[in-house]
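Work through the exercises below with the sequence and the model in view. Try each task before reading its solution.

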There are 2 protein chains.
Amino acid sequence: MSKQFKYYWEDFPVGKVIEFGGYTLTQDEIVRFAKEFDPQPFHIDEEAAKHSMFGGIIASGWHTCALCMRMTCDAYLLETASLGSPGLENLRWLKPVRPGDTLRVRCVTLEARPMESKPHIGLVRNRWEVLNQHNEEVMQMEGYGMLRRRSH
Amino acid sequence: MSKQFKYYWEDFPVGKVIEFGGYTLTQDEIVRFAKEFDPQPFHIDEEAAKHSMFGGIIASGWHTCALCMRMTCDAYLLETASLGSPGLENLRWLKPVRPGDTLRVRCVTLEARPMESKPHIGLVRNRWEVLNQHNEEVMQMEGYGMLRRRSH
């Protein structure tokens, strides 16, 4: 027996836009993530960051990716019949993310089609735009997701 | 006065291959990362993971990305006159990463050219291949980096 989910492939038609998130990062979180995964001076050292081209501590781009994932999980993915993702395209870090910034996500479905080889699965291609509190886009990426179809 | 680095743009000519890393993930680390950033059942819940298509706990794809970044930092990036990255292409999660897997990285320079608008900076395009202890490629991505030139 398959678990029942709230959302299936049919719930993400082309052109669908979902906005969600609203997560405020602290400097402590930025430094903690970067010390573990991306210990470049402008992510972990306030003094070095001040003298870098960024003028202060900025978040690792991978931290922004991870937070985008978390906001996506909380908004709909944990209630979606998702079968994972084979990958991403066009990941762009557009603006620095700084301590105190509040991030939200706008997710747009660009493409949706059933898989020919597996008719119970559908593919979607989404664009995630991560925006800060000034409505500036700080990151963008496009990714494929495999979802079960409700009707199959 | 600019800080002196060990590596500059000139040190990454087209065709250069660097192999590094060798990091063994524990299940605790996988679960801890995923609880914070990607709490899908097959990343955080052993029982649910057993009954998923993966047959057991697997690491979040973002965790693999973050570990690839850390291995890159340790291998050369912290000693490189790096000016950051505008983004990535063709990120592919090719095989599951499981508790106990040992990951290493093969980094290949695909393209290297000076920036026309800023002659003291060079661009490189690298492909990172993340391999496990069975020599299977678990992840691949291509990314751009901006580096200072030694001679400018």
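**Exercise 1: the strands that meet**

Gly87(A) has Arg92(B), a residue of E2(B), opposite to it. Before starting, note that this is a predicted model in which local features need pLDDT of at least 70, side-chain atom pairs count only at pLDDT 80 or more, and totals for chains, interfaces and linings use all residues. Residues are numbered from 1 along each chain as its sequence is written, while chains are lettered from A and ligands numbered from 1 in the order in which they are written.

Task: state in which sense E2(A) and strand E2 of chain B pair.

Solution. Strands (E, at least two residues) are DSSP runs, numbered from the N terminus, as are helices (H or I, at least four). Two strands pair if DSSP finds at least two bridges between them. E2(A) and E2 (residues 87-93) of chain B have 4 bridges and run in the antiparallel sense.

**Exercise 2: the contact between the chains**

Task: find how many residues of chain A are in contact with chain B.

Solution. Contact means that the C-beta atoms of two residues, placed from the backbone, lie within 7 Å. By this rule, 23 residues of chain A touch 23 residues of chain B. Helix H4 (61-75) and strand E2 (87-93) of chain A each give at least two residues to this side of chain A.

**Exercise 3: the axis**
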